[in-house]
Amino acid sequence: FGTQIVNNEGHLMIGGCDTVDLANEFGTPLYIYDTALIKEKIEEFKAAFSRHKEIDWQIAYASKAFSTLAMVQLIDEAGLALDVVSGGELYTALHAGMPASRIHFHGNNKSDSELRLALDAAVGAIVVDNFYELDRLNQLCAERRQSMDILLRVTPGVEAHTHEFIMTGHDDTKFGFNLDNGMAEQAIRLALESSYLILKGLHCHIGSQIFETEGFAEAIRTIYKYLDRWSAQLGFSPRILNVGGGFGIHYTELDHPLPIADYIDTIVATVREECDNRALPLPAIWVEPGRSLVGEAGTTLYTAGATKEIPGTRTYLSVDGGMADNIRPSLYQADYQAICASRANLPADKILAIAGKCCETGDILIKQAHLPAGCTSGDILAVLSTGAYGYSMASHYNRLPAPAVVFVEDGDASLVVRRETYADIIRLDVPLQVKTHNDN
Ligand code: LLP
């Protein structure tokens, strides 16, 4: 991040491909993923864990960040596990050939049919979120005489924010079993009583885009405080501790992500210390990164169109996509950085507002983008770090067809999601039947 490769035509290069050529070949808007960078991030996580020889670990990609057949295949090839949160993500994973044993299933309101899909496939684990689900899953397993490994999602009262973490003391969240009011303990009792549910351990997730390690440590310490009682009274000690995802990435130069090893070292050291203090066995440590594996690897290419200059105020440069392919700026005021991909050799000496094309005043992708003065209609713009929660949160607002997705590596580009056509847009519509008039 920060150092961009520019060819002698002045075009931005990604994965050895000229982005202007990609825009010409596949059209815009276009999501491109630098798969070598995804593999690098995966290796960074693996290397961080490998330094801790005494620990069993698992890295599960949180597929909500970006799920397609090709992406799941890449994760499968790298030997990672996969976190899914819906029947749709599970279906995608199974169709991509991901071994079910390496899939675990999250979500705070899994339907019976989603649970059945997971049981049919025999996924590796179901992360049970609430009492209703505990009961439904137990009944479904009993009906089928099938056992299932589960983790219980607990809420440790730690909320990590981008640049800090806070202890909320209590947890007002829709997710998980609260620790402080006996919910988690009751869930553990029920799970231990079940003949079909095999309680493997606990899960927590403290937030997203986290730039400090202390929130993870605090969450682990909080859970272990409760484990004193649970191990003594219930004989329960987790064999798996899943600490979720949330590792922060670069969107703009204001973001300063930590090396992955910093998070993993803190997580491992805290778990080891807490176990040593209580003479509890070390659990396997699972993490679930989404954004940190795919976020920076993704770039969205747009073609610039209309401009509007309000003298003394600002200039809007509109692109052929917007909130339909990236809802994050309008939903979270998320910041992004852009490059004029077709004039990437010129200094970024002008500030422009990059507007989307949706009929909504708030559809502004970047309020203050630094771009070359000459960047205008017809240029190709690249918005960086759009790989997580861009495609996966895309909508059809204004009936904009969903962009194509291309994987690039070593100068090769492969289409992994075709661009939607107008015909695709009305594919599921059922027109009103034309009534035939009957005069009788
Ligand atoms: N595990 C669980 C249980 C989660 O809920 C999430 C994200 C993750 C793992 C992965 O978190 P990551 O490593 O990607 O931060 N749409 C929002 C992010 C929502 C995250 C929801 N859960 C965004 O665009 O920023």
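Domain bounds here come from an automatic or database domain assignment. The model is predicted: local features need pLDDT of at least 70, side-chain atom pairs count only at pLDDT 80 or more, and totals for chains, interfaces and linings use all residues. Residues are numbered from 1 along each chain as its sequence is written.

The assignment gives domain 1 (5-33 + 296-420) and domain 2 (35-294). Their C-alpha centres lie 33 Å apart. Domain 1 brings 20 residues to the contact and domain 2 brings 17 residues, where contact means that C-beta atoms, placed from the backbone, lie within 7 Å. On the side of domain 1 that touches domain 2, β22 (404-409) and β23 (412-417) are the elements that give two or more residues. The largest share of that side, 3 residues, comes from β22. Helices (H or I, at least four residues) and strands (E, at least two) are DSSP runs, numbered from the N terminus.

Helix α4 (residues 87-95) and helix α5 (residues 112-121) have axes that come within 10 Å and cross at roughly 25 degrees. Axes are lines fitted to C-alpha atoms, for helices over the stretch in contact, with angles from 0 to 180 degrees between N-to-C directions. α4 is therefore roughly parallel to α5 (angles under 35 degrees). The contact joins G87, L90 and L94 of α4 to S113, E114, L117, A118 and A121 of α5.

The table gives residue classes: Ala, Val, Leu, Ile, Met, Phe, Trp, Tyr, Cys and Pro count as nonpolar, Asp, Glu, Lys and Arg as charged, and the others, Gly among them, as polar.

| Contact | Residues by class |
|---|---|
| Side of domain 1 that touches domain 2 | 11 nonpolar, 6 polar and 3 charged residues |
| α4 with α5 | 5 nonpolar, 2 polar and 1 charged residues |

Key. Contact = placed C-beta atoms within 7 Å. Parallel < 35°, antiparallel > 145°, perpendicular 65-115°, else oblique.
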